[in-house]
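Hi there,

Here is the structure I promised to pass on to you. Have a look at it first, and then read my notes below.

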Amino acid sequence: MKSFVFPEFQIIRDEEKCGQCRGCERQCAFGVHTYDPVADRLISDERKCVGCQRCVIFCPENAITVRPSPSFYRPNASWSREKLEDLKKQAETGGVLLTGCGNDKPFRIYWDHIVLNASQVTNPSIDPLREPMELRTFLGAKPDLMEISTEDGDVQIKTELSPNLMVETPILFSAMSYGAISYNAFRSLATAACKSGTYFNTGEGGLPREMRETFGKCAIVQVASGRFGIDAEYLNCAQAVEIKVGQGAKPGIGGHLPGEKVSAEVAETRMIPMGADAISPAPHHDIYSIEDLSMLIYALKEATNYEKPISVKIAAVHNFAAIATGIVRAGADIIAIDGLRGGTGAAPKAIRDNVGIPIELAISSLDRRLRDECIRNRCSIIAAGGIRCSPDVIKAIALGADAVYIGSAALIAMGCTLCQKCYTGKCNWGICTQDPRLSGRLNVDIASQRLSNLITAWSHEIAEMLGGMGINALESLRGNRDHLRGVGLHEWELDVLGIKGAGE
Amino acid sequence: MGFKIIMPRIRRELYNKEICACSIFGAMNRDGERFTGASVMKAIANMRVRGNGLGGGFAAYGIYPEYKDYYAFHLMFTGKGPHAKFFAKKELDAFLSQYFDIVYDEEIPHGDEATVSDPPLVWRYFALPKKQDRDTMLTDEDYIVDKVMWVNAKIENAYVFSSGKNMGCFKGVGYPEEIGEYFMLDKLYKAHTWTAHGRFPTNTQAWWGGAHPFSLLDTTIVHNGEVSSYGTNRWYLEMYGYACNLQTDTEVIAYAVDLLMRRQKLPIEIVAKILAPPIWNAIDQMNEKEKKLLTTLRMVYGPLLMNGPFAVIIGQTGKMIGLTDRIRLRPITAATNGEMFYLSSEEAAIRLISPQLDRVWTPNGGEPVVGELNNMRKVLQ
């Protein structure tokens, strides 16, 4: 069938600069560029281009420009180009539209409507270059009070503490499974987490055996509805276990790793046959209610000898705050909430773009709900989905999160350009693919260095902003909405965020 | 832990935090000999430039030996004109007589009203709890806290200045020495421990309830500083039933001290490590046992860390404690002379009333200085 969709991108090649080295041809897994030996020039098929910019960045002569196609349908406020083309694609295929990465629609980004405070006169701002600035954070349940006994001035702690994760900076790598992302990308995240005093999350695809000893100490292992790659050693080599109930990019549905991406190594790690589709059901089929979840939480606590905090990850949806308090009462030590803009390797476009609520509102309402019920101490909150920079992190914490997960941001640090074609398995950047030719492009040493540089840079910036507010320990900013003001927000939005308007 | 207060929680947290700088002073006779407020008034007056006349106050311990077994409530009634004040008092009287047996009450004697600005009606009651129904489960102290929170939150124009036994707070709008003279602290009262405060709020909206000391039961706080962690401290304390509605960051310190010392029964040395903990770099280098203790404290009580600059004098029956923030951004000087123990923002104020001192020192940031009565029995009898 002739496709009526015109190319999304226009490729402009400067023939003066092009040296016919065929680098672009080798770089593009989508087969955009081909060499015509007769004419001795490279030809580009714009229909295949996904706009990932790999050829642009790797062209030694800087001869290629890829930009959005200037072609247009007659402008129509209701029928945007995207709506028209999506419809055409479905008319041509009869299928569900797939996509990758996070929601790219212009929902209000609250981070950009919140401003931070700074000290002036009445309390001194603190210079992080000269004074200690503490970002260390503990994730897990804390008791409401601590009992001690004193004998001859010797203080003993009587209260037994639940296990907690200690992070040197409140930024963790979000769940991205081996299988969805390449081994090198997975290992880069693990390496960077260990180096930066934080944690990476294995996602639902298991943890390769040879990585367990070295990287278990900075791993959070996930138990998802597909139960891939789970054995006692997997659970016990890590520092925390996370039950994945939902994901911000696709609340309410499961995952699908196509058989083509299930290589021998992925198959071994996931404990499934090679080449078989790895399908995670939409719900956990042993969790149809909150008491079932509680049983799984305690089964995992038993399996790990009560030595590891158990996290439960849910997508932020309409009544999630009430559900989350139930999850805390069901025994979870950490609640991970994933917002509307959370990323994914593959999701139906209709779901990614329309289900869930923005993370900023979710953090605030969850924190408030837990405080109102006097159980805020009993869990930590990790916020995920749409964290783009260090000010987003600090605002998330002031709204009540204990720490954040970054997914897309970490991938971008490794080279991702958010082309949204993760589900094709042809990632030219070697991140979201199992093709050895492509994944070999990602050098673990370099990628992990880029990741730990990012953590270092953000931590410095957080320290700088914190010092400006006259605060030298991150725990004094947690839930401290006094340091936030809203700009350009409606009354109800300020209410949900629990912040004053600027100037109030 | 048996009580819970239902608080009106505004969804948008539109509280106003009052910002101020201050002078603080404390004097204690560790032998329990009682002395008038004259010297303390003289000392705090010496630090006049640290205040701006918009708030001053005193806490005095041991002033009511004849009523030492009764809770002494100092109440303030405000409002435009005598009628409003009288109406607030009427409402409070009805509340008090329902929940307490009042053995004696009177207006707190004062000087010429023209010497201070807009004075409220200030009254004192000596009373014992009259617990009924579910309240019988509460300890006396929890009961008092419950009722004090109720009065401050619910009864319009009535505020509790202090609510401990054999102690009281006197405070108002003016320079501290003016407030001292207004209440005739140099003539009418003798205490074994005095703390005092002179205030420099940055906003002009001054009211008598906003002056220091802040108190709950017999714990009083005079505070110089600004609590940058106020929002965090506040939500944590609200979970334990403390309604923070006095529009000042100092009350979170008072409530934190009440929660940790009275309800959770932690000693001051531990409490100091919660309010002003050592930095992680220092903790990481301690021996295993200390490391475990301090790590656990920071994990459990992180939301009670008082961040930002502060110096406080905490008064309790038989104790006077000085503490600064962990990086000592506000001054405090400690001194002893025989049985006298002093804490002050400035050494000069101590020298003014006691030129000869045995020892003068500047405590480290986060390190509490504790003065205790040598013989509690002498005070209690």
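The domain bounds used here come from an automatic or database domain assignment. For chain A, that assignment gives domain 1 (9-95) and domain 2 (137-141 + 165-501). The centres of these two domains of chain A, taken over C-alpha atoms, are separated by 33 Å.

Before going on, two notes on how to read this. The model is predicted, so local features need pLDDT of at least 70 and side-chain atom pairs count only at pLDDT 80 or more, while totals for chains, interfaces and linings use all residues. Residues are numbered from 1 along each chain as its sequence is written, and chains are lettered from A and ligands numbered from 1 in the order in which they are written.

**Chain A as a whole**

Chain A has 16 helices and 23 strands; these are DSSP runs numbered from the N terminus, with helices being H or I of at least four residues and strands being E of at least two. Its radius of gyration is 24 Å, close to the 23 Å from the globule rule for 504 residues, so chain A is as compact as a globular protein of that length. (That radius is taken over C-alpha atoms, and the rule is 2.2 Å times the number of residues to the power 0.38.) Of the 504 residues in chain A, 52% are buried. A residue is called buried if 20 or more other C-beta atoms lie within 10 Å of its own, exposed if 12 or fewer, and partly exposed in between, with C-beta atoms placed from the backbone.

**Where parts touch**

Two residues are in contact if their C-beta atoms, placed from the backbone, lie within 7 Å. By that rule, nine residues of domain 1 of chain A are in contact with seven residues of domain 2 of chain A. Between the chains, 40 residues of chain A are in contact with 36 residues of chain B. On the chain A side, strand 8 (148-151), strand 9 (154-157) and helix 16 (491-497) are the elements that give two or more residues.

**A barrel in chain A**

Eight strands of chain A form a closed barrel with parallel pairing, in the order 11-12-13-14-17-18-20-21. Strands pair if DSSP finds at least two bridges between them. Strand 18 (residues 334-338) and strand 20 (residues 380-384) of chain A, for instance, pair in the parallel sense over five bridges. There, A:Asp338 stands opposite A:Ala384 in strand 20.

**A helix in chain B**

Helix 3 (residues 140-154) of chain B has 15 residues and reaches 21 Å from first to last C-alpha, close to the 21 Å expected at 1.5 Å a residue. The expected span is 1.5 Å times one less than the number of residues. Buried in this helix of chain B are B:Tyr143, B:Ile144, B:Val145, B:Lys147, B:Val148 and B:Met149. Their cover includes strand 4 (71-77), helix 2 (81-99) and strand 6 (121-129) of chain B, among others.

**Backbone details in chain B**

A cis peptide bond joins B:His212 and B:Pro213, with omega about 0°. B:Pro213 lies in the loop between strand 10 (193-201) and strand 11 of chain B.

B:Asp118 has a positive phi, near 50°, and is not a glycine. This residue, B:Asp118, is exposed, with 12 other C-beta atoms within 10 Å. B:Arg328 also has a positive phi, of about 50°, without being a glycine. B:Arg328 is partly exposed, with 18 other C-beta atoms within 10 Å.

Best wishes
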